[in-house]
Amino acid sequence: MIWDLSQLVENTDPTSIQKKLKSMVIEAEKIRDKYYCEIGGLDAKGLLELLRIKDFHTLQFEGVVKYCRLMYSADSTNDVAKQLNDAARRASMRVGQALAFIDIELGKLLTEKPSLITDSVLTEYKHYLERILRRVPHLLSETEERLIIMKDKNGINAWQMLQSDWLSTRTFNIEIEGEMKTLPYGEIIGFYQSPDRDLRKRANQIVYQNLGKDEIIWTSAIRSICEDHLQICEIRNYPTPMTQSLIANDINQQTIDSLMKTIKKNVGLYQRYLRLKAKLMGLVKLANYDLVAPLPNAPEIDYAWGESRKEVVGAYMAFDEEIGGWVDEMFERRHIDGEVRKGKRSGAFCSSWLAGKSAYILQSFNRRISDVYTQAHELGHAIHAYLGSRAQKPSNLEIGSCIAETGSIFGELLLTEGLLFKAKLKGEKQAILTNILDEFGMATFQVSARVFFEQSMYDTIERGEFLDGKTVAKLWVAARNKIYGDSVNWLDVMRWEWTMKPHYYRANYRFYNYPYVFAQLFVFALYKLYKEQGKSFVPKLKKLLATGSSKSPHELAAELGFDITNERFWEKGIKQAEEFINMFEENL
Ligand SMILES: [Zn+2]
C-alpha cells in the first residue's frame, strides 16, 4: 500500500537530486542562449528541432521533479521532502522563466508565417501550433503583460487570498452528542454526509448563517474579481467573458451552447432521480442537506486493499486485457500509495510519469466503497497516461479539462458494471447506483447552476447594476432553481452557498465549471456507445485516449462519428443517465 518512488530517479541520495535539479536549470538556460530572439528566423526544420529539444528537456528532468513533489505530498512533515520539494519548485520556476520566450516568439513567427502550421515537416506538432496561434490575438506587449502581473498581485490575487484565508479561519459552534464544539470550516463540513439527518441540517444551518454575516467581504471579493475580468476581456479583445476559458479548453462557444441547452431541457430527469431518492429515504421531498446523504439502510461493505485491487483490475480487464494488465501493473510495481497516515496530503490524485510511460497515484484508502471508486477513477487517469505517453510527445499531452476526465469517469462506469453484476441484494444495487447517480447529478446538473450563476453576474455588471450581497444571493438562488425546480426544500440560509466556493474567486480561471458538465456527459455518451457497439468500441476509446491534446475535443468526437456542437450528441449522455435512473427505480 506504500508507493516506491525510487523508480523515478537513478539515485535517491538528496545531494544527487539537488545536482540533477541544478542541471535542469542549466540545460534550460542553454536552450535560451541558443534560441532567444532567434525563433523568428526559423524554418520548418529548425522549428521542429526546437520543439523536440524542448520536449526532450521535459522528459529528461520529469522524474526528478516528480520525485521531490510526490515525496512531499506523501509526507509533508519530512524535512528532507520539504527541502527537496522547495528546491524542485524553485528550479521549475527558473526553467519556466528561462523558456517563457518560446511561446511569445513562436506566436509572432506563426502570425507572420501561418503556413508553417500545415507544413508536413511539423505534422506531429500541428495542433500544438494551432493552439498557440489562437492565443496570439489576445496577447499584449511585454510591458503590458508585466504590468498586468503586477496589478494582479495586489488586485485579484489578493482578493482570492482574502476569501481563502477568511474562510479557513472561521470557526463554528455546533452541539454534537450533547457537547458544544468549536470547529473550523474544514471539519464542520464533514457532517454534511452524516447519517444523522438532524446533524446534517444543523451543520448546514450554522455554516451558512455565519458565512452570510460576512456578506460584505465575500461580495467585495467576488465583485472585484468579476469586474476586473470584464475589463481585462476588453483590453485583451475577448468577445465574451467565457472566451478565455474556451481557448484554454480548446473548445468553441457553439459546443458549450449546445451542452447547456441539453442540460436545460433535461432538468426534469435529474428532478425525477431526486424524487426517487426521497422515496427511498422515506421522505416526501429531499432537503438540500439530503442531496449527498448516505442511504439510511445501505449495507456497509468493508473492502480490503486486495479485494479492491481485484474488483478494479477485474473491471478494466473485462473491458480490455491490455488496459487491465496496465492497471494491475500499477499495483504490482507499487505505483499507488493507499496508506492512511499523518502528514499525507488529503484527497486523491494521479500524476502522469511520461518518461516512464506510467503514472503514480496517491489516495487515503479507508476500505469504503467510495475508496474503491476513487481508486478506479485515478487508475483511469493512469491509463490515459499509459496510452498518451506511448503515442505522444509531452507538448501533445497538455490535455484540457473537458477531456482530462475521460479515462477516469469511464473507469468508474466499468467498476459500476462489475459491482452491479455481482450485487445480489437490492440494497447493494441501490448503494452502487446512488454512488454513480449522485456524482452524475452533482457534476452535470448542480455544476450547471454554477455556470448560469457566473454568467448572470457578468450580465448584471454589464447592465450597469451593482453587485451587492443581496443581488449576488438572488442570482445564485435563481440559477439554482433553474436546475432543481421544486424538487428540493432549501434552507433559507443556502442563498449564501456561493460564498465558500473558492473557484469563483480564482484569478484568471473564469468559468471553471462547464468542463465538469462536458466531461460527465461526454463520457456517459461514450459509455452508451460502448454498450451499443460492444468490443468494436474498445480500440476507438484507446485511440481517443492515446491522441492526448494533439487533436481538439471537437476532432476527437468527430473521429467517433459525432458532432459535439450538436445537441443530439449530448442527448446520448442523457439517455445513458436515464437508463441508470430506470435501473434505480426498478430496485426501489
Ligand atoms: Zn479526476
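Student: Which residue in S6 is the bridge partner of Cys350?

Tutor: The partner is Ile361. This model is predicted, so local features need pLDDT of at least 70, side-chain atom pairs count only at pLDDT 80 or more, and totals for chains, interfaces and linings use all residues. Residues are numbered from 1 along each chain as its sequence is written, and side-chain values use heavy atoms, leaving out hydrogens and water.

Student: How do I read the names of strands and helices?

Tutor: They are DSSP runs, numbered from the N terminus: helices are H or I with at least four residues, strands are E with at least two. Two strands pair if DSSP finds at least two bridges between them. Here S5 and S6 (residues 358-362) pair in the antiparallel sense over 5 bridges.

Student: In what order do the strands of the open sheet lie?

Tutor: The order is S4-S6-S5, with mixed pairing. S4 (336-337) and S5 (349-353) are the edge strands, each pairing on one side only.

Student: Which residues of H19 are buried?

Tutor: Buried means under 20% relative accessible area, exposed over 50%, and partly exposed in between (1.4 Å probe, protein chains only). In H19, the buried residues include Val472, Leu475, Trp476 and Ile483.

Student: Which exposed residues does the face turned away carry?

Tutor: That face of H19 carries Lys470 and Lys474. Just after H19 comes Gly485, with a positive phi of about 50°.
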